[in-house]
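Please read them with the structure open.

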Amino acid sequence: MKRTVFSLAWLALAGSLSATAYAESLEDAWQAALSASRPLRADHYRIEAAREDVRAAEAAGRPKLDLQGSWTALDHEPRARVDLSPFRRGPLAAVVPGSLEVPLADNSLALAQAKVSLPVYTSGRLDALRDAARLAEAAIAHGTDRTRLDVKLQVAETYFAVLRAQEARQVAAQYLDSLTAYRRDVGNFHSQGLVPRGDVLGADVALADARQKVIAADEAFRVASAAYNRLLGRPFDQPVRLDDRSLPRETRRYEDLVQLAGERRPELAALSARSQALQARSRSVRAEGGPQVGVFASYQYLDHPALVKKGIAAAGIGVEWAVFDSGLTRARAASVAREAEAAQEERDDAESLIRLDVRQALSQENDAAERLKVAEAALASADEYLLIQRDRYANGLASQTEVLTAEARRAESRRNLFNARYDHALAVYRIRRATGEL
């Protein structure tokens, strides 16, 4: 029993340690952010609304049942006066009155009606209305794809911002450790009378500046982590541990990337669908001026005492044709058609911007890759240069300024290295966003 309890406790501890040591990947971050994204949830409701518009457009061509009823109370009974004077002749003159009032109805009336109607010909209005609704739904769906790409790129930017802040914090900590060791050496040299008091003070000033850099780097890391947690729908102060990554260089040609972007970018598909939806809507408005034909069947019930049969059934066909409306329908259709042309112009402009996006992202990737090579070589030189200056200082051949400059150069070389590395990785993801592959 004790062995079982110990085993369970060990497994729980191991699970806790593994959870603590787990580094979140960018793919995990994307999944969490997409689940927590409010813009995506808003797009989901927009798609649902567009689907309801499609159902409404489809229902417009189906049978419709209308029920109506009314009950009316009158302040008095309707009565009619009948003139009987023509009958007052001869012996009837003394018997027949000059006029007679006859009630037409009670002082209340009840009316009920049921009517079924079905459009059979609308000059293409309903077909165009359905096309417009479906294309509008497609445009919103492509807009959701764009939102998803934007969210993923934003997460990638904050992901690398956290890694960048984490590296900056490590560089600041190593810079502080190096200066702490240097301050200790200077103190020893001063106690032996090898260096003046000014070198000790100079080391203290450099050490204080290094501590300031550590404080600033810690705060920058907390801010970057809070921004990252916000995108993932988490508490701002939740600890962040991310999986570091580097990406290979982009080897595809610019022309191939542009072609891929033209095929996959959802913005282009959304604007095309929106333009087509507006064109279909314009056709629907224009068709309102054509003949509209429908059939109907109805049953009416009128509670009237003068009627022998109070219920009446009817069936028929109705035609409506706005032959002349002073150009109202034509102007409305032309207005929507101009909107469709504007959407097409926006699509052409977006295509040009996408080519520019690909060009900029590819240029950033090339720049970062070249800077990465230079930064790697510079860091190796900075490490060796610092060792030389420290050795020269220990032997009285270099000034403190040269040592502190070497320390600062090494820290700057490390910053240049990780900045170039993360700039390159982020540029690769921007290329994928520009081509719609992200």
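1. A definition to start with: two strands count as paired if DSSP finds at least two bridges between them. Strand S5 (residues 292-303) and S6 are joined by 10 bridges and run antiparallel. Within this region, Tyr301 stands opposite Gly311 in S6. Bear in mind that the model is predicted.

2. S5 and S6 belong to an open sheet of 4 strands. The order is S1-S4-S5-S6, and the pairing is antiparallel. Strand S1 (64-73) and strand S6 (311-320) form the edges, each pairing on one side only. From one strand to the next, the twist averages 20°.

3. Now the helices. Helix H8 (residues 328-394) has 67 residues. From first C-alpha to last, H8 reaches 94 Å, close to the 99 Å expected at 1.5 Å a residue. Just after H8 comes Gly396, with a positive phi of about 75°.

4. In soluble globular proteins, nonpolar side chains tend to be buried together. In this model, the largest nonpolar core has 51 residues. Val155, Tyr228, Leu232 and Tyr393 have the most contacts inside this core. Helix H2 (26-36), helix H4 (125-191), helix H5 (197-231) and helix H9 (400-435) each give two or more residues to the core. H4 supplies the largest share, 18 residues.

5. Which residues does Leu232 contact, leaving aside its neighbours within four places in sequence? They are Glu24, Ala29, Ala32, Ala33, Ala36 and Val155.

6. There is also a second, separate core of 13 residues. Val258, Leu268, Val358 and Ala434 are among them.

Technical notes. Residues numbered from 1 in each chain as written. Predicted model: local features only at pLDDT ≥ 70, side-chain atom pairs only at ≥ 80, totals over all residues. Heavy atoms only, no water. Core = buried A, V, L, I, M, F, W, Y, C linked by side-chain atoms within 4.5 Å. Buried < 20%, exposed > 50% of the residue type's maximum accessible area, 1.4 Å probe, protein only. Contact = heavy atoms within 4.5 Å. Expected span 1.5 Å × (residues − 1). Axes fitted to C-alpha atoms, helices over the stretch in contact; angles between N-to-C directions.
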